[in-house]
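Visitor: I would like to learn how to read a structure like this one, feature by feature. Could we take the backbone, the helices and the rings in turn?

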Amino acid sequence: MSEDQSRTTGNKVDRRKFLAGVAVSGAAAVTAAESAKAAILPGGASAPTPAPAARPTYAMEQAESGAVHNPGVSVFPGVTHGKPGSDYMVDVLKTLDIPYVITNPASSCRGFHESLVNYGGNRAPELLTAMHEETATAMAHGYYKVSGKMLGSLCHGTVGLQHASMAIYNAWCDRVPVLMLTGNSMDGAERRPLVPTLHAAQDPAAFVRDFTKWDDQPASLQHFAESLVRAYKIALTPPTEPVLIVLDEELQEHAHDPGPGFTIPKVSPTVLPQGDSNAVREAARLLALAENPVIVADRATRSQRGVELIVELAETLGAVVVDQTGRMNMPNRHYLYRRGGTVAQADVIIGLELTDFFGTVNNFIDSAHPTHGTIIRPGTKLISLTMGDLYLRANYQDFQRYQAVDIALAADVETTLPSLIEEVRMALDDAGRARVAVRITAAQTQAARIRDNDIAAAAADAWNASPISCARMCTELWPLIQNEDWGFVSRDATFGSWPRRFWNFERQHQWIGGPGGHGQGYHLPAAVGAALAHRDAGRIAINIQGDGDFMYTNSALWTAAHHSIPLLTIVHNNRAYHQEVMHLQRMSSWRERGTDGGWRVATTIDTPNVDFATLSRSMGVEGIGPIDNPNDLVPAYRRALEVVKSGQPVVVDVVTQPR
């Protein structure tokens, strides 16, 4: 049958409604037969045969959906003859290393959805269900930061893409690749009326083009094969970013013969650029001659090898590493690790994939009359090593303010570090090696002092208070997990950085950083995605979760329960958007209006209080709490770890101090 013929047989009919119609038709037939039997009364007398109950017709269902019924078209749709286009799409997808596609299902992707399940066997990739496109995309975000593998987020048309947009922006700012897929019907003469047309666009990618790296709307199956492979390669080439492929509905749903020349191109991984040898040599010379070199790292690593290289560079120089925590860059118990500070006394600073070099060497005072200025010494040499210089967009300001540097190496950190380390070793003379030894001794002494101060601070930080202190919420968990294979799947800046102050982070997968764009709603679904990656690797995933962010995307819990994704979530339940509390208090103070309660308006999450344990149980996740007695923490954590080890998610609701 030709493509034109297949269209006239009704293949454009809504398949879900057709199946419902078939089911109702079968039921009606049974009912009629039973009625005929019942019409024979005892003794052979006949009774009036009751009229069969009215049943919905296909035309009625179409009318309810807003579709126009054409009396000239058969009520029952035909069948597809030949291989549908979406089967070919799945063939292409299966050549790529994409283990999961996450979706909230809808009509614009129904052909692709059906092919993934029935033709593709729901394996490699496996289709996972999310309750919202933002959740689906944030899960893919978290998964990549643990596994290094990109996932697909399948969205319904323009509205699904709008739902996903916040999560796409977070991934964009965080330099995380996500394969965004969305359905669209370009042909206005063929697309279904009302809702399908409302959710279509001439250029659906336009909405997110400013914060995606590349997009395409393939018009043929060969075009799709080449574009999907290209998108995969572009997304995974640093700086890694989200990409978008638009799936044409007609191409998905109907049988298509791509022709004898149809081929699926292989992925040709890009060899990442290494820094220019002369520039690397000059950078090494400056670092080797420095009295006080400092390394600052943000999104520098993507593997354990990257962590090991940063440690090697730091030990070779005796230079402290300021970890800005965009990724796991440096073991936090290493004597050269620092959480912040230390750049003020540096004479050479090398920044490794810094999001904000300007903010690293300048301060900003947020006051009624804001000021900013440099915090480094005059003459301090600045070296930048980043792929960010190779790719910038104009509209969204994720690139921060411009900072002039002395050497700008537009290259990949992990690829360039081996040659930089070798050049540093060659540039160090006897005097340089002596300076390194002195710096190492000083750093070891300072690290021991910082550790002692953290222990003292935790004990002094309202240890026995109720609501529970953030220090106790975090530190009570550490003895229970220190001998496990674990990963922390959230950031800790909003509760005192206590995990990084007390726990022992050694492996790259143990820390994934924050949301990138700092959009609310990221943390819980990203934690579920990261936990999925940890589950596949046999590890325990731990999420300490803000209460306000939890409420944005709490349906991610259902996805975790439905797909048996073990995740220990501890809710830092301070019953407020506390960052905004502090903003409002600051504004009131500047304006001399007092801080006696106005800060509570539109910032608190109470009256009523949210019971996160009950909310969790409603979605099939075990909930523990609310806990406001610090002595109840350890028993609750022990129970939670039992649940996670059994392969299921769990939520512990801890009522806490503000910070």
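Visitor: Where does A602 lie?

Guide: A602 is in the loop between α22 and α23, and please keep in mind throughout that this is a predicted model. The general idea to bring to this residue is that most residues other than glycine have a negative phi, and most peptide bonds are trans. A602 is not a glycine, yet its phi is positive, at about 65 degrees.

Visitor: Is A602 buried or exposed?

Guide: A602 has a relative accessible area of 79%, and therefore counts as exposed. H518 lies in the loop between α18 and α19, and with a relative accessible area of 54% it is exposed.

Visitor: Which residues are joined by a cis peptide bond?

Guide: A cis peptide bond joins A124 and P125, with omega at about 15 degrees, and P125 is found in the loop between α5 (110-119) and β2 (126-129). Another cis peptide bond joins T607 and P608, where omega is about 10 degrees. P608 belongs to the loop between α22 (578-590) and α23 (612-617), the loop that also holds A602.

Visitor: Where is the kink in α7 centred?

Guide: The kink in α7 is centred on S165 and amounts to about 50 degrees. Helix α7 covers residues 157-173, and its 17 residues reach 23 Å from the first C-alpha to the last, close to the 24 Å expected at 1.5 Å a residue. Helix α7 is also mostly covered, with 13 of its 17 residues buried, and it is followed by R175, whose phi is positive, near 60 degrees.

Visitor: Which residues is P566 in contact with, leaving aside its neighbours within four places in sequence?

Guide: To read such contacts, one asks which parts of the chain they bring together. P566 sits in the loop between α21 (556-562) and β17 (568-573), and its contacts beyond those neighbours are A531, R535, A541, V644, G647, Q648 and P649. The C-alpha atoms of P566 and L532 are separated by 7.6 Å, although the two residues are 34 residues apart along the chain. P566 counts as buried because its relative accessible area is 10%.

Visitor: How many aromatic pairs does a search of the whole structure find?

Guide: The search finds 17 aromatic pairs. To classify such a pair, one looks at the ring centres and the angle between the planes: for F488 and W503 the centres are 5.3 Å apart and the planes stand at 80 degrees, so the pair is edge-to-face. F488 lies in strand β15 (residues 486-488) and W503 in the loop between α18 (498-502) and α19 (523-537), so that this pair, 15 residues apart, links distant parts of the chain. F488 and W503 are both buried.

Visitor: Why is the pair of F488 and F505 edge-to-face?

Guide: The pair is edge-to-face because the ring planes of F488 and F505 are at 75 degrees, with centres 6.3 Å apart. F505 lies in the loop between α18 and α19, and the pair therefore ties together parts that are 17 residues apart in sequence. F488 has a relative accessible area of 0% and is buried, while F505, at 1%, counts as buried too. Ring pairs link F488, W503 and F505 into a cluster that also includes W478, W486 and W511.

Visitor: Over which ring does the charged end of K83 sit?

Guide: The charged end of K83 sits over the ring of Y88, 4.3 Å from its centre, and the charged end of R451 sits over the ring of F502, at 5.2 Å from the centre of that ring.

Note on methods
Residues are numbered from 1 along each chain as its sequence is written. This is a predicted model: local features need pLDDT of at least 70, side-chain atom pairs count only at pLDDT 80 or more; totals for chains, interfaces and linings use all residues. Side-chain values use heavy atoms; hydrogens and water are left out. Helices (H or I, at least four residues) and strands (E, at least two) are DSSP runs, numbered from the N terminus. Buried means under 20% relative accessible area, exposed over 50%, partly exposed in between (1.4 Å probe, protein chains only). Contact means heavy atoms within 4.5 Å. Rings of Phe, Tyr and Trp (its six-membered ring) pair if their centres lie within 6.5 Å; planes under 30 degrees apart count as stacked, over 60 as edge-to-face and the rest as tilted. A charge sits over a ring if NZ of Lys or CZ of Arg is within 6 Å of the ring centre and within 35 degrees of the ring normal. The expected span of a helix is 1.5 Å times one less than its number of residues. The bend at a residue is the angle between axes fitted to the seven residues ending there and the seven starting there.
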